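Please read them alongside the coordinates.

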Amino acid sequence: MAPAIAAEEGWRQRRAGTRRQSLDLTGEPPRDGLPGDTEALLPARARGYRAELGSILLLLVLYVLQGIPLGLAGSVPLILQSKSASYTDQAFFSFVFWPFSLKLLWAPLVDAVYLRGFGRRKSWLVPTQYVLGIFMIYMSTQVDALLGDGHGRGPDVAALTVTFFLFEFLAATQDIAVDGWALTMLSRENVGYASTCNSVGQTAGYFLGNVLFLALESASFCNKYLRFEPQPRGIVTLSVNGHGLDYSLKKSKPKSLFGKKVGFSAADAVTGLKLVEEGVPKEHLALLAVPMVPLQIILPLVISKYTAGPQPLNTFYKAMPYRLLLGLEFAFLVWWAPKVKHEGGFPLYYYAVVVLSYALHQITLYSMYVAIMAFNAKVSDPLIGGTYMTLLNTVSNLGGNWPSTVALWLVDPLTVKECAGAQGHACATAAAAELCTAAGGSCVTTLDGYYVESVVCVILGFAWWFFLGPKFKKLQDEGQSSWKCKRSN
């Protein structure tokens, strides 16, 4: 239901004379255009943020670009849901986001291999952007066929998953380079601004790639608010036909510690799809995020005051139980939707409650990820910046990806349906449901697996918080030397 947006904050210790091991393809000194890896070799010095405003703005732009594609990929499940895709299909498509959990496998290559004459990070950022652009142009010519024509041919979920998986693989490669550059781009005194750039930039990028896209992709929204004459398609599509827009950028989706997100998996991965299933238009659901944009920009600024100290994980621990309880509140919203639905849609007060719930969810969400990313940034060693951050984010990403995939996969098996109007028939499988319909009956849901998941996930989440949470907090008590890599001459 909520966009997942990462934040980074912390301190990077610059050391004079630090050796960097790399496989260089040229013999020239690194040159990244702005204070980058070479700055890490200089003694730390007091500098105001104005002196590094160019670097801060560059980071902001990079993170905006990172937010757009994940927002676009995040819109695909809503489109699939509107085309009656099963939750098993949704679970399969969720593998699209797994490259950000597996990028540790090739992060050392991105850290070690580069062209000195071009720059350690630009050697990967620039070509990856060009390849992403070309790849997205090709994708835009195929996406209509992959999504199905709506006339008997449904979405090709397997092909969609493979295509977007390759796209996210390229995006994850760029993310390694950006994370590594963020460690050394700013001086120690200003490195905390990386967290603000990350949060604000990715919020804006996600808004462009998800909320704005879903609104402009909707024919009903465009016909109602933007056109004088109705047309069958929206202003923006995923294809180049008509008025298509192509997005050639990416987004990383760091979560928290491995296993932590089990408690939120049903609420985060399934709630939005369930609301669409209950009749809430996907463009309306996306537009509900618009009032959240100012909140999402302000929250990192406020929360960073509490996570900038030596114990950022305290904020994480305090916010977790409130976010768990909101999972039950989201389940209530799904249950309430058909109760208040009328011929014209949903009443205004229902949307108001959804917006309020979403706002509270954002406060807890941002409190947790700003804290976890502040901790990651604090303990990362700039010696192998990209690889180190990737290692920490891999553990975090896996903690969010596998529970979401499992939650989507289990919705259908946990759902109990009965065949009403045709005796002797059941609805346990798709084939059985077709036989029920052919016999003049209809499948009626007696127990929705989403509600079962919501309760179980909250219980598991509180168990993690009570038994493992205190041990998790103790990680921040380790000395800085415990996190540093051993240096050899």
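1. The link between Cys427 and Cys443 is left-handed, with -90° about the S-S bond, and the sulfur atoms of Cys427 and Cys443 are 2.1 Å apart, where a disulfide is taken as a pair of cysteine sulfur atoms within 2.5 Å. Because Cys427 lies in the loop between β3 and α15 while Cys443 belongs to strand β4 (residues 442-447), the pair ties together parts that are 16 residues apart in sequence. Helices (H or I, at least four residues) and strands (E, at least two) are DSSP runs numbered from the N terminus. Cys427 is buried, with a relative accessible area of 8%, whereas Cys443 counts as partly exposed at 31%; buried means under 20% relative accessible area, exposed over 50%, and partly exposed in between, with a 1.4 Å probe and protein chains only.

2. On provenance, this is a predicted model, in which local features need pLDDT of at least 70 and side-chain atom pairs count only at pLDDT 80 or more, while totals for chains, interfaces and linings use all residues. Residues are numbered from 1 along each chain as its sequence is written, and side-chain values use heavy atoms, with hydrogens and water left out.

3. A search of the whole structure finds two disulfides, and the other pairing to examine is that of Cys419 with Cys436, whose sulfur atoms are 1.9 Å apart. The torsion about the S-S bond of Cys419 and Cys436 is about 90°, so this disulfide is right-handed. The pair links distant parts of the chain, since Cys419 sits in strand β3 (residues 416-420) and Cys436 in helix α15 (residues 430-438), 17 residues apart. Both Cys419 and Cys436 are buried. With bonded cysteines counted along the chain, the disulfides of the protein follow the pattern 1-3, 2-4.

4. Which residues does Ser265 contact, leaving aside its neighbours within four places in sequence? They are Val270, Pro403, Ser404, Ala407 and Cys457, with contact meaning heavy atoms within 4.5 Å. Ser265 is found in helix α9 and is buried, with a relative accessible area of 3%; Cys457, one of the residues it touches, is likewise buried, at 9% relative accessibility. A polar atom of the Ser265 side chain also lies 2.9 Å from the backbone oxygen of Val262.

5. Helix α9 (residues 265-277) packs against helix α1 (residues 53-82) at an angle of about 30°, with the axes 9 Å apart; the axes are lines fitted to C-alpha atoms, for helices over the stretch in contact, and angles run from 0 to 180 degrees between N-to-C directions. The crossing of α1 past α9 is right-handed, that is, the near helix is turned clockwise from the far one by less than a right angle. On the α1 side the meeting residues are Pro77, Leu78, Gln81 and Ser82, and on the α9 side they are Gly272, Leu273, Val276 and Glu277. The residues of this contact divide into four nonpolar, three polar and one charged, where Ala, Val, Leu, Ile, Met, Phe, Trp, Tyr, Cys and Pro count as nonpolar, Asp, Glu, Lys and Arg as charged, and the others, Gly among them, as polar.

6. Two further helical positions deserve a look. Thr315, in helix α12 (residues 313-340), counts as buried at 17% relative accessibility, and, not counting residues up to four places away in sequence, it touches Ile303, Tyr306, Thr307, Ser367 and Ala371. Gln362, in helix α13 (residues 348-379), is buried, with a relative accessible area of 0%, and its C-alpha atom is separated by 8.2 Å from that of Leu295, 67 residues apart along the chain.

7. Is Lys484 buried or exposed? Lys484, which lies in the segment after α17 (469-473), is buried, with a relative accessible area of 17%. Lys484 and Tyr388 are 96 residues apart in sequence, and 9.7 Å apart in space from C-alpha to C-alpha.

8. As for the whole protein, its secondary structure comes to 17 helices and four strands, and 55% of its 489 residues count as buried. Among contacts between residues at least 6 apart in sequence, 83% join residues at least 24 apart.

Conventions:
A polar contact is a pair of N or O atoms within 3.5 Å; within protein, one must be able to donate a hydrogen and the other to accept it, and residues adjacent in sequence count only if both atoms are side-chain atoms.
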